[in-house]
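Here is a short report on one protein chain. Please keep the sequence and the model open while reading.

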Amino acid sequence: MFPDKLHKKLLNRIENRSLRGLATRDDLIDFSSNDYLGFAKSEAIFNKAHQYLLDSSLKVNGATGSRLLSGNYSLYNELEAKLSNYHNSESALLFNSGYNANLGLFSSVPQRGDIILYDEYAHASIRDGIKLSNAKAYKFQHNNLDDLSSQLERSREFFSENEIYVVTESVFSMDGDSPDLKAMLQITKKHKAHLIIDEAHALGVFDFGLIQQLRIEKDVFARIMTFGKALGCHGAAILASNQLKKYLINFSRPFIYTTAMTPHSLSLIKVAYNELNSAKGDQKLENIIQFFKSKIDELGVSKYFINSNSAIQSCIISGNKEVKDISNLLLQNSFDVKPILSPTVPEGEERLRFCLHIYNTKEEITNVLELLCNFVKTN
Ligand SMILES: Cc1ncc(COP(=O)(O)O)c(C=O)c1O
C-alpha cells in the first residue's frame, strides 16, 4: 500500500493545481530551456568533443570511481587548470552538477558557530546545502542591501570572532534580476564576511560571469559555475583559492562519495568553453534580450515584468490556475513558456518565465508577446 501521508501530499498538490509531471515534446518554440546560446543543440560542439576523445585515446565510457579512488583521469586536471585560467581564479574544482556543487560547498564549509546570510530567493540547491550545515543561517530580503547590512551588523555584534558567509546569485533563476554586486562586496568586506556567488545563469550570458565582468573575482570567496545552462552540457565547478579546493577535496561529501563524471562530459565542457571564449563579446543574445524588452514596452505590458537585463524575463501573473491557463494557451500556439507556480515562488508571485535564446527570432518574440497581451490586458 502506498503510504497515506504521501498520498495526501500528492492530493494536496492536485488541489493547489501545482502537481508536477514529466512531459516530452520537441516540436515547440523554446522559451523555456536554459540553452541560452544554443550550445546544447550544436552539432559542431558534439563533433569536436567526440573528436577530442578519439584524439586523446579516451575511448572509455565511464570514470570507474570517485575522483579520490580510480576516477581522476588526466582530463580532469587539464580542465580544472583551463577553468582557473579562463575565470582568473587560483583554483577550480569540478562537481557532477550545480546542485552537487552547492550541496558540497554549503554543507562542508560553514562550521558550527558560523553564520550564513542568504538571499531569500536563493536556489534550492543553496538552501539544501545550508540545511546540511551546522552553522546558523538567516535570510535577507531579496537584493536588499540595507537588510543585509543590518543583519551583518547584528551578527558581528554578537559573534565578533565567527566566520560569516554571505550568499547570493549574480542572476536569479526565477526573477532574472541581479544584486548590486559591487556594493554587496563593499558591505561584506566592511564586516569581514566571505562572499559566495552562484553564477549559474550569468555564465555565457554575461561572458565568463558578472563577477569577472566587474573585475572583482579576487575579492570573492567562491564562485559557482554550472554547465547545464548556457554551456549546454552538464556539470559544475567551484572557483576558489587553492586552500579551499584542498579543503573541499577532503571534506565535501557530495564531491567525495560519488562516481566522477565521464570523459565524454569533460570533453563537452572543454569544447563548450572554447566556443564560449571565441564567442566572447558577441552581441547576439544581448540583441535578443533588448528586442524582447523594447517589445514589452511597446505593447504596454512591461509593468507586469520583473526588471531584468538577463536572458530570464518573468511576467507576474498571480495564481497557480491563472498562470497555468495562460501557459496552456501559449502552448496551444506552440510556444513553450513555463508557468512557475507556488510554492516554488511565493503565493501571489506566480509567473510565466520567458527564457530567451540566441535562436529565438524577432517574429517568435513578437507573436508570443502579442498573445500574452490578449491575456494580461483582459484580466
Ligand atoms: C542558481 C542555480 N544554481 C544551481 C543550479 C543547479 O545546477 P545544475 O542544474 O547543474 O544542478 C541551478 C539550476 O537550476 C540554478 O538555477
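## Model and conventions

This is a predicted model, in which local features need pLDDT of at least 70, side-chain atom pairs count only at pLDDT 80 or more, and totals for chains, interfaces and linings use all residues. Residues are numbered from 1 along each chain as its sequence is written, and side-chain values use heavy atoms, with hydrogens and water left out.

## Domains

The chain splits into domain 1 (44-278) and domain 2 (283-378); these bounds come from an automatic or database domain assignment. Their centres, taken over C-alpha atoms, are 29 Å apart. Eleven residues from domain 1 and 16 residues from domain 2 make the contact, where contact means heavy atoms within 4.5 Å.

UniProt, in an unreviewed entry, places "domain: Aminotransferase class I/classII large" at residues 27-370. Its positions follow the numbering used here, feature names are shortened, and annotations may be inferred rather than shown by experiment. Over residues 27-370 the chain is 41% helix and 15% strand. The end C-alpha atoms of that stretch lie 21 Å apart. Helices (H or I, at least four residues) and strands (E, at least two) are DSSP runs, numbered from the N terminus.

## Nonpolar cores

The largest nonpolar core holds 90 residues. Phe227, Tyr273, Leu352, Phe354, Leu369 and Leu372 touch the most other members. Helix α14 (residues 362-378) gives this core its largest share, eight residues. Domain 1 and domain 2 each supply at least three residues. A nonpolar core is a set of buried Ala, Val, Leu, Ile, Met, Phe, Trp, Tyr and Cys residues joined through side-chain atoms within 4.5 Å. Buried means under 20% relative accessible area, exposed over 50%, and partly exposed in between (1.4 Å probe, protein chains only).

Leaving aside neighbours within four places in sequence, the contacts of phenylalanine 227 include Leu83, Leu94, Leu203, Ile269 and Tyr273. Another core, of 24 residues, lies apart from the largest one; among its members are Tyr118, Ile130, Tyr165 and Ala222.

## Strands around β6

Why is strand β6 (residues 194-198) largely enclosed by the rest of the structure? Because four of its five residues are buried. Strand β5 (residues 164-169) pairs with β6 in the parallel sense over five bridges. Two strands pair if DSSP finds at least two bridges between them. On the β7 side (residues 222-226), three bridges join β6 to its parallel partner.

Aspartate 198 stands opposite glutamate 169. Aspartate 198 also stands opposite isoleucine 224 in β7. From β5 the chain crosses through helix α7 (residues 181-190) to β6, a right-handed β-α-β crossover. Right-handed means that, with the strands pointing away from the viewer, the path from the first strand over the helix to the second runs clockwise.

Leucine 148 sits in helix α6 (residues 145-158). Its relative accessibility is 0%, so leucine 148 counts as buried. Not counting residues up to four places away in sequence, leucine 148 touches Leu117, Phe140, Val166 and Met184.

Serine 18 lies in the loop between α1 (4-15) and β1 (29-30). At 4% relative accessibility, serine 18 counts as buried. With the sequence exclusion of up to four places, serine 18 touches Arg13, Asn320, Lys324, Leu341 and Ser342.

## Backbone geometry

The peptide bond from serine 342 to proline 343 is cis, with omega near 15°. Proline 343 is in the loop between β11 (338-340) and β12 (351-355).

Lysine 192, in the loop between α7 and β6, has a positive phi near 50°. Lysine 192 is exposed, at 65% relative accessible area. Serine 334 has a positive phi of about 75°. Serine 334 is partly exposed, at 29%.
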